[in-house]
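Dear colleague,

I am passing on the structure we spoke about, and my notes on it follow below. Please read them with the model open beside you.

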Amino acid sequence: MRMEAGEAAPPVGAGGRPGGGWGKWVRLNVGGTVFLTTRQTLCREQKSFLSRLCQGEELQSDRDETGAYLIDRDPTYFGPILNFLRHGKLVLDKDMAEEGVLEEAEFYNIGPLIRIIKDRMEEKDYTVAQVPPKHVYRVLQCQEEELTQMVSTMSDGWRFEQLVNIGSSYNYGSEDQAEFLCVVSKELHSSPHGLSSESTRKAKLLQARGTRM
């Protein structure tokens, strides 16, 4: 339960627990946002920071004016952590970064949640790695005498696909020179950031080498 300023709450006694003593409810002030939950929820992971906090195990935590424990962490990522302790499932909004929740889970030392997030991140990385490669095609215009040199100097994974005589010719010295369109292709593997800049750079170099403007 998240509480906003001015919202009514159960009376809080010693230790930030409503009713005083070792009551059922515990109030946490995480980065200025107040969360209300039970001791049973916080103690679900015995080795966690939250379990030790609500059991008073040598953790000196300041409290605000209402008696809530003050925790200087980002409240944005605390909600999923608290919900995980409640029902054992990781539920994230589509725009929430898993890295941020992982950072907080490591701070609070919640082992099962840390493993779940890391497994999900590894699964996403594996899925990205399995994306089928893309084929990039280039059409290069060249003279008849340039064909041999251009084909022999192709590298970096480029392959010759097709040669088309465009039917035009012009005099070069004492000989007529035909012109061709040469189609080449390359297999490129996608990454989370798209095609690599190195691959793009090499493609431009190859195109510049064989294309007459």
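Which residue just after helix 4 takes a positive phi? Asn 109 does, with a phi of about 60°. Helices here are DSSP runs of H or I with at least four residues, strands are runs of E with at least two, and both are numbered from the N terminus.

This is a predicted model, in which local features need pLDDT of at least 70 and side-chain atom pairs count only at pLDDT 80 or more, while totals for chains, interfaces and linings use all residues. Residues are numbered from 1 along each chain as its sequence is written, and side-chain values use heavy atoms, with hydrogens and water left out.

The protein has 7 helices and 7 strands, which run β-β-β-α-α-β-α-α-α-β-α-β-β-α from the N terminus on. Of its 213 residues, 36% are buried (under 20% relative accessible area, with exposed over 50% and partly exposed in between; 1.4 Å probe, protein chains only). In helix 4 (residues 98-108), the buried residues include Glu 98, Glu 104 and Tyr 108.

On the surface, Asp 119, Glu 122, Glu 123 and Asp 125 gather in a patch of negative charge (residues with over 30% relative accessible area and no salt bridge, like charges being joined within 9 Å; a salt bridge is a side-chain nitrogen of Lys or Arg within 4 Å of a carboxyl oxygen of Asp or Glu). Glu 123 lies in helix 5 (residues 111-129), and counts as exposed because its relative accessibility is 55%.

The structure holds 0 disulfides (pairs of cysteine sulfur atoms within 2.5 Å). Cys 43 counts as buried because its relative accessibility is 13%, and Cys 182 is buried at 0%.

Best regards

Terms used: Patches are made of residues with over 30% relative accessible area and no salt bridge: like charges are joined within 9 Å, nonpolar side chains (Val, Leu, Ile, Met, Phe, Trp, Tyr) within 5 Å. Accessible areas come from the Shrake-Rupley method with a 1.4 Å probe; for residues, only the protein chains shown count as cover. Lys and Arg count as positive and Asp and Glu as negative; His and the chain ends are not counted. The place of a charge is taken as NZ of Lys, CZ of Arg, CG of Asp or CD of Glu.
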